[in-house]
Each structure stands twice: as C-alpha cells, then as structure tokens.
Amino acid sequence: MTDLHTRGAAPGLSDAFCARFGLRYPLLLSPMAGACTADMVCSVTASGGLGSFGAAGLSIQQLEALCADLKQRCPGPYNINLFSPDTESPLPDPHIPVDLAAVLRTMHDAAGLGDLPPPLPLFGPALDQLEVLLAAKVPVISFHFGISTDIVDKIRAAGSRVICTATSPEEARALSGAGVDAIIAQGEEAGGHRGTFLGGEMQPLRELIPAIAAATDLPVIAAGGLCHGRQIRQAIDAGAAAVQVGTAFLPCSDSPAASRWKHNLVNLQRDALTVTRAISGKPAQGIRTTFVEQLAPLEHSFLPYPWHYSLSRELRQAAVKQDDERYMVMWSGTGIDSIGAADLKLTIREKFRQLVTQAGWD
Ligand SMILES: Cc1cc2nc3c(=O)[nH]c(=O)nc-3n(C[C@H](O)[C@H](O)[C@H](O)COP(=O)(O)O)c2cc1C
C-alpha cells in the first residue's frame, strides 16, 4: 500500500491504524454516494487522511473512469465504497401501490414533471463494480450493509484493504469473522443510511465504540455526529482508533452538496432531522422535508429498497435544479448543531486542518 505520509501525533491505537493504512491522521472522509467528488477524495488524502468516494450508484464506465482518475492524481491511499450485494434482490411486483402513486404524482405535477418513472435498481450490481475496483488495485475498499467472507477473501487476495460499517457488537463480530481489516462503528448520530445488516436498534456512539472494541480485536473507526475536533477527541478517548466524518464536510465551498442543502446545514439544528424510510426504503437520517412528511404515513406501500428510492429520482433531480427544498434529499448527522456560516467559506482542506487542530493532533 502507498505510504506517502509521515506518521502523525495521534497516540496508541491511532498510531497503529495510521501505520496500517498509510495515513498521517486517523481521519477518514465518509464515502457519501451522490455527495462526493474525486477532488474531495484527493483533498482529504493530500491533507493526510483517507479520502473516500461513495460509488454505489456509479455505472461500470463511470467507476472505471473514477478509478483511473484517482490512480493518476490522488497523492496517497484512498477508499472506494460500495453497498453490499446482499441488498440486491429482484422486484417481485413492479406495480406502484395506488396511494403512493397518487402522492408522488401530485409532487410530480407541482414540480412540472410528467409521468412517474418506472422502478429501477439504483445501485450496483456490486459484484460487477467490485471487479472494477479489484482490477484497478484500489488501496481500500469499504462496504455499507455488511459483507461476506468470500468477498473479503477476494479483496485481500487482490492486495486491497477492506472495511465495513457495523451498528452493533453482533455485526462487528460477524465482520470480524468475515476477515475485514477494520470496523466502522456507526452511531445513531450519523447522517445518511444506517449501515445495519443484522437488525436491532441504533446506539449512541459513546456506547457503541467501547462495545465494539470489546467485541473484536480489530481497529474501530467511529462515525456519527463528529463535526468538531473535541468530539473526535472524545471518540478516540472512548477507544476508537480513527474517525469517519461526513456531515462536517458537506457545507464546504468545494463540496458538491446543493446550495439549499448547505444553507439548511448552517441554519438548522438537530430538531430538524428525522430518521426515515420514506426516501429510499431503508432507514436514513436527514433533514425533514415535505417529501418525507407526505410519504411517511404510506410506509405500508413503499417498494423494497432500493426500488423505492428510484421512484423519486426525477423529483430529486428537478428539486436541485429548481432549488426546491420540498423534494430534496439532505442527509445530515446530529453534528449539524456545530455547523455555522463560517463553514461555507472553508475548503475541504481547510476544514480537515481545522478538525485536526481542534482534535489536538498538531
Ligand atoms: C450525504 C451522506 C451520504 C452517505 N453515503 C454513504 C455511502 O454511500 N456509503 C457509506 O458507507 N456511508 C454513507 N454515509 C454514512 C457515512 O459513512 C457515515 O456513517 C456518516 O457520514 C457519519 O456521520 P456524520 O455524517 O454525522 O459524520 C453517508 C452519509 C452522508 C451524510
């Protein structure tokens, strides 16, 4: 693995983590499907962390282009993230239930759109995507929603490192048994999809970190609500070897998040957040919108994930173009409380540096 960075000042477990992954600081950019760019990845890696790209929704051609681009210009290790192939299944009945279709049609009319699009599997196929990553010798490959031993074996045989999200000690034990290199402990504070794959309730990060650290010998990467270096410090003190940070980078001037999304991150607090299945069919945390409020009572009619997500694809694209927050998807973690207007002016590199300084690593 490329090791271009000098080791940083983070002590103990973090030192070992940095050495193993070739990093200066034990800070990973969250892979954020739909809200990341290759430039963001390069900025975090160039700053001494691990840049990550959420690639679950990319076609094979897009993924090949991304791999070639990152290989050529990323100045150190990077991570490309996929969703578990276990989340893929055929749609038994493509018919959209009448009550759901009626609400979606009203929204389409309000946005000036035509008929509802037919359901599509939005992500994957993960095994085909994985072949691209293996051929490109991507340094780190991460998964959301679990991963099996045969896939981990394949990745390690190709010389890449593999990490995966867990939301409970049971999931951490399963991942450890599958042979991953490190475990992302995702607390209930996290923005975006819960990476749960064995069921159960989400836990606060401060309880989850020691529980997962006790359940496995693997390095724990803490994720969820970490938007200030003080919180990062607390996660490390609780037993994490590293942290994965998403929401804190979204308001930055060079993040691809829509301007309305950034505006809301700056101006809203955690009481504006909700955990909902209304957007994709799987529970995820983000800013409450008209879309979420109107669909939430129709849960009985949702199509299975990810088919349900695809029903709103035209609406979501139009919402960004028309700056219409009613139908936007604005994932956010509870760290939204620490985000202020000054964050809009920071670049990803400046935000990274600020977090490192606040965490006391420099
Ligand atoms: C906009 C957004 C998109 C996300 N997309 C992904 C993804 O594609 N793959 C993944 O493993 N995790 C994804 N996550 C979850 C992150 O891995 C991580 O758990 C989360 O960012 C941590 O919480 P924080 O956002 O409060 O820092 C996403 C999170 C956000 C905010």
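Is D323 buried or exposed, judged by its C-beta neighbours inside 10 Å? D323 counts as exposed, because it has 11 such neighbours.

1. Basis. This is a predicted model: local features need pLDDT of at least 70, side-chain atom pairs count only at pLDDT 80 or more, and totals for chains, interfaces and linings use all residues. Residues are numbered from 1 along each chain as its sequence is written.

2. Overall form. The protein has 14 helices and 11 strands. These are DSSP runs, numbered from the N terminus: helices are H or I with at least four residues, strands are E with at least two. The C-alpha atoms fill a box of roughly 55 × 45 × 40 Å along the principal axes. The radius of gyration is 19 Å, which agrees with a compact globule, since 362 residues would give a value near 21 Å. That radius is taken over C-alpha atoms, and the globule rule is 2.2 Å times the number of residues to the power 0.38.

3. Packing. Of the 362 residues, 52% count as buried. Take the contacts with a separation of 6 or more: residues 24 or more positions apart account for 67% of them. Two residues are in contact if their C-beta atoms, placed from the backbone, lie within 7 Å.

4. Helix 8. This helix spans residues 205-215, and its buried residues are L205, L208, I209, I212, A213 and A215. They line one face of the helix, because they fall within an arc of 160° seen down its axis. The arc is that of the directions from the helix axis to the C-beta atoms. What covers these residues includes strand 5 (161-166), helix 7 (169-178), strand 6 (182-186), strand 8 (220-223) and helix 9 (229-237).

5. Nonpolar core. The largest core has 117 residues; I183, A185, I221, A222, A240 and V243 touch the most other members. Helix 8 gives the most to this core, with six residues. A nonpolar core is a set of buried Ala, Val, Leu, Ile, Met, Phe, Trp, Tyr and Cys residues joined through C-beta atoms within 7 Å. Leaving aside neighbours within four places in sequence, A240 contacts A185, I209, V220, I221, A222 and A235.

6. Ligand shell. Around the ligand are 27 residues, of which G54, G191, G192, G246 and G333 come nearest. Near means that the C-beta atom, placed from the backbone, lies within 6 Å. Strand 7 (192-193) and strand 9 (242-245) each supply at least two residues of the shell.

7. G335. This glycine sits in the loop between helix 13 (313-321) and helix 14 (348-358). G335 is buried, with 23 other C-beta atoms within 10 Å. Its contacts, leaving aside neighbours within four places in sequence, are G225, L226, C227, T247 and A248. H228 is 107 residues from G335 in sequence, yet 7.9 Å away, C-alpha to C-alpha.

8. Backbone points to check. Most residues other than glycine have a negative phi, and most peptide bonds are trans. D323 has a positive phi near 55° and lies in the loop between helix 13 and helix 14. K137 also has phi near 55°; K137 is exposed, with 12 other C-beta atoms within 10 Å. A cis peptide bond joins G124 and P125, with omega about 0°. The bond from Y305 to P306 is cis, with omega near -5°.

Methods:
Buried ≥ 20, exposed ≤ 12 C-beta atoms within 10 Å, placed from the backbone.
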